[in-house]
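Good morning, and thank you for coming.

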Amino acid sequence: MIKFNRSVSSVLLGEILRIAILAAALAAVFAASAAEADDAPQPDSSGIVDLTNVANLPKGVKGPGQLTANFDGAGGFRTHQRLTMRDGRAVLTFVVKADGSVADARIAVSSGSADFDADLLDMMSHRYFGPAQLNGKPVAARVAMVVNIDTAARVASEDFTFTNPSGSFVSLLRGHNEDASGKHSEALADFDTLIKSDPQNADALRSRGFVHEELGQYDSAIQDETLALSAKPQYSVALMDRAFAYDALGKHDLAASDRKAVATMAPACAPMRIFDDAACHDAYAARIAALDKRIADNPNDFEAYARRCAERAIANAGLSTALADCNRVLDVAPDDATALAARGLVFYRMEIFPAALKDYDASLKRDPHSANSLYMRGIVETRMNNAAAGKTDILAARANDAAVASDMAFCGVYP
């Protein structure tokens, strides 16, 4: 069975579990040193270079590269489901076009079954991929990933491999998986190996710093995050990670300085700036107007109510209307994780922290892996003077999605 699902599911607040890791790993594969070969693959009749079976990138070919995350005005919150599989193996291929967008996604299942939300590819295209290059010019490229899974309940995104993995990819992905499994010494060993071979690998440095932070080794964490920032100065994730380590050492002025630097990186249409920019405000107003019309045309369009609630909560505007919208959904579907998480953010904005905590608890009961809900619950717990629980949730959220802290900082939300 193959199914492409574009519907908004129970996770409105952006469950990006492991996708950041996967995209970075894919970028590492195609950014690997090109083999010296003269027979570079040529575009087919559709203008697409097929890289799915290329063991080493020939001379003159550069694969899709990782970009700084674009911001879509939704506060880092995204609406997609994970790719899930049951006891199977599949090959996922897609085209990264010359403009950096993704098209023509295909999934071939050789055993078992797979469900895939095609919106995930759209998110990846906006967040991670630039076009490949052929002799210095942008070109569309078809790439492939292999997915294997042998346990029905597991999330397949933890089991991605690429058709032509590089050593750096293997070390990075294995290190992240070891860290997620609590095998911190093994994760450090893999990151050490990768950094030794590539001292300027900002992702590996940041990741090793995060493991040090998990182990309470805050000075080592700060050292690694600082090295990552030297290699990649606009690395907002590393800045936020370093801020957490500074706070743990009581160096709150330095932590505040890092968070301020992250705020300056927020794109013009980030929620924290949305009303300072006429174009951004107009775009926000247009989205609200479109949802208003949907609801006027169909007063029982509960998805529209939930989305309007989330829009207002993210922008920190019209909170009483947002609360009424979420309540409308929850009156009909009390266990809807989407509306619960959105209402949790409304209550947080209103500083009604006990109600926010109750909603995040309920949302996480339905979707325990949601990085945004874990992170927000951790912030709420911290506001309620439960620092230990808050730290646990925030660390778990950041392990699930490295970018969650910087995304939320763009909304003006941080511990």
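Please find the loop that joins α12, residues 337-350, to α13, residues 353-366; E351 lies in this loop. The model before you is predicted, and every value I quote is computed from it. The phi angle of E351 is near 65°, a positive value in a residue other than glycine. Is E351 buried or exposed? Its relative accessibility is 60%, and because the cut-off for exposed is over 50%, E351 counts as exposed.

What is the phi angle of N316? It is near 55°, again a positive value in a residue other than glycine. As for accessibility, N316 stands at 41%, so it counts as partly exposed. The range for that class runs between the buried limit of 20% and the exposed limit of 50%.

I turn now to the protein as a whole. How many helices and strands does it contain? There are 16 helices and eight strands. The protein has 415 residues, and 53% of them count as buried. Its accessible surface comes to about 17600 Å², and carbon and sulfur atoms account for 51% of that area.

Finally, consider the contacts between residues at least 6 apart in sequence: 64% of these join residues at least 24 apart.

Thank you for your attention.

Terms used: Residues numbered from 1 in each chain as written. Predicted model: local features only at pLDDT ≥ 70, side-chain atom pairs only at ≥ 80, totals over all residues. Heavy atoms only, no water. Buried < 20%, exposed > 50% of the residue type's maximum accessible area, 1.4 Å probe, protein only. Helix = DSSP H or I, 4+ residues; strand = E, 2+ residues; numbered from the N terminus. Contact = heavy atoms within 4.5 Å. Areas by Shrake-Rupley, 256 points an atom, 1.4 Å probe, with all protein chains shown as cover.
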